[in-house]
Amino acid sequence: MRYQLKGYSEKKKITHIDEIGEDTRLFTLEGGFDAKPGQFVMAWLPELSEKPVSFMAGDPNRETKLAIKKVPEHKVESERPFSHEVFKLRKGDSMYLRGPYGNSFMDFPPKNYYNGAHNTAFLVAGGVGAAPLSFLSEELSTFDYLGVEVSFLLGARNKAEAEGWQEQLNLPISVKDNLFISTDDGTFGKKGVVTDLFDDIGDVTEDSSFYICGPEVVLQQASERAANYVPEDNIILSAERYMKCGDGICGGCGITGSDGVGYLVCRDGPVFTYAQLKGGDLGKYRRLKSGLRIPIQD
Amino acid sequence: MASKLSVNLTENLVIDPLIMNASGVLSYPANFPGWEDYLGAFVLKSIGYEPRDGNETPVYRGAPAYTINAMGLNNPGREAVVRELEEYRDHLEKPLCASIFADTEEGFAGIAAELDPYVDFFEGNYSCPNIRPGEETGMEIGKDPERVKSYVRAFRDVSEKPFFAKFSPALHIYDHRNQSDINLIKVSESALRAGATGICAINTVPGGMEISIEARQPLLSARYGGVGGPGIKPVGIGAIYSLRKNLGDDVPLIGVGGITYPQDVLEYVMAGADAVQIGSHLRRLEREGTIYEIESRVETMGNFLETIEDWLEREGTALEEIRGCAVE
């Protein structure tokens, strides 16, 4: 099911916490969500706030996994930021989760592989964007997607983060062979940003697909770069905007797409094609809590 | 060419189709492009004098039979809305309505004056329940006929555009028989005498609460919230019926509250509404042309509108014929 009508927040105990670098944590919680890659939960910490977090794992019979990155001090927009407070949680504490919400990467499956054509899916992850793409890589490695070769591009800040992801990403063996890593400071893998890894991925046919998740600058630049290889319909990205209701009502997460069409990230997304978003707010504008539309400074 | 679902809300204000979004849903000018085929007008989120963050999340819960929210009047403030309208006004091919709120008459008029060049009509928010304790706006104004009068007069000092005073169901619930000094009819008459064009009813039902049994505490950060969605429709219908019955045939009425099925639109029209708004259920209505199906969307806007048209055709009637027909 893509969307469960239950709207109440379920109490899920944290069963395990893993560190990924200094500012990212992977929370493993009691399971029970029937989510597809790309969907998100609204995670509630009572007396604090409620925030959208993408599923890294969300199977009814498996534990839930959520990766959360601490927002850097200079970008924090409230007195008690959720991403900082959540780092105070310990194994045995609970988060309250409602979901899954949104659409899924699976709404945009790789093209034409079922015709026997060999097809490649490039999963392009900037930092914590690796979490939902890890979920996607598992799905794309199932029998349903035989014929799709998955490559995983990961951009991390430094060695600690790169190694942390390498350990935590649940990549199928075939994908592990096609894992490319870059670090900003060059302490692991290639020095540079994740789009620099495009030089190393080999041949890209027009039928290939790019699935991109990460900070806005990665969404923007990786999409532009991918557009040199494939049609804009084959470039799929997970957008992120500030959310208040998470259910398609309030309009706070609005993002303007191509041709000026208004989309809500929580209801029309968070997964969009580059064709839907190119030339709009992507990389340019976002809304604050008050709804104020401001240029994105990165 | 006007469709079968076109109405004249006022002499010069054509709403085609007769359905608008409720204030607070979709909310901002940039979110409306793509809805032109489905909504007859676009209503902005209530605009205040200064920017306002609103309440901390959680601010909302949606359930099958209702929604509850305590957004807290978050809005970018009048200046930012003007800027956004300057950029987007020409992209929005439908009449635009600005909902406005303030806690002084001067503030109210100030917002109206600045927005006047950019919008086609106004909604006075005299009904929001999600105000701060002690804050004298929203439903605090709406329960006082004298205050309503002074706020509407302040608006009329700066604008000649159509103005709809939006009131809380609390007034109707308190005294739906119009027997006391304070009720929906009394405040509506006060608004009209002061220069309002028409009345919009209802806003959310105030004082609602959701308790998370998992967390064993209220869900909304503001504790109480306004209740919308299917459950409140009968209250909205009753309010519109009462308004049409008591105010007569000529006052324009916008009916809102719990519209979920196409038939609900017809119900509001028969109760006396000229045009209607959809709030909560808009999250479940899909614009055509999406490249995939979303299970949570129960209906497409196209089907929704066609169902209303089909009914009118089957009955051999038109919106203006059935408007208010249920009111004795």
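Biologist: In which strand does Met209(B) lie?

Modeller: Met209(B) is part of strand β11, residues 205-209 of chain B. Helices (H or I, at least four residues) and strands (E, at least two) are DSSP runs, numbered from the N terminus. This is a predicted model, where local features need pLDDT of at least 70 and side-chain atom pairs count only at pLDDT 80 or more, while totals for chains, interfaces and linings use all residues. Residues are numbered from 1 along each chain as its sequence is written, chains are lettered from A and ligands numbered from 1 in the order in which they are written, and side-chain values use heavy atoms, with hydrogens and water left out.

Biologist: Why is Met209(B) called partly exposed?

Modeller: Buried means under 20% relative accessible area, exposed over 50%, and partly exposed in between (1.4 Å probe, protein chains only). Met209(B) has 37%, so it is partly exposed.

Biologist: What makes Glu138(A) and Arg62(A) a salt bridge?

Modeller: A salt bridge needs a side-chain nitrogen of Lys or Arg within 4 Å of a carboxyl oxygen of Asp or Glu. Here N and O are 3.0 Å apart, so the pair qualifies. Glu138(A) lies in helix α2 (residues 130-140) of chain A and Arg62(A) in the loop between β4 (49-57) and β5 (64-69), so the bridge ties together parts that are 76 residues apart in sequence. Glu138(A) is buried at 17%, whereas Arg62(A) is partly exposed at 31%.

Biologist: How do you know that α2(A) is mostly covered?

Modeller: Of its 11 residues, 10 are buried, including Leu133(A), Phe135(A) and Leu136(A). Their cover includes β4, β5, β7 (119-126) and α3 (159-168) of chain A.

Biologist: What joins Asp247(A) to Arg284(B)?

Modeller: A salt bridge does, with the closest N and O atoms 3.8 Å apart, so the pair is within the 4 Å limit. Asp247(A) is in the loop between β12 (235-238) and β13 (254-256) of chain A, and Arg284(B) in the loop between β16 (275-278) and β17 (285-286) of chain B, so the pair joins two chains. Both Asp247(A) and Arg284(B) are buried.

Biologist: How is the packing of α2(B) and α4(B) described?

Modeller: Helix α2 (residues 105-115) and helix α4 (residues 145-158) of chain B pack at about 35°, their axes 8 Å apart. Contact (heavy atoms within 4.5 Å) is made by residues including Phe108(B) of α2(B) and Tyr151(B) of α4(B).

Biologist: Why is Leu243(B) called buried?

Modeller: Its relative accessible area is 0%, so it falls under the 20% limit. Leu243(B) is in helix α7 (residues 233-247) of chain B, and among the residues it touches are Leu184(B), Ile185(B) and Leu253(B).

Note on methods:
Axes are lines fitted to C-alpha atoms, for helices over the stretch in contact, and angles run from 0 to 180 degrees between N-to-C directions. Lists of a residue's contacts leave out its neighbours within four places in sequence.
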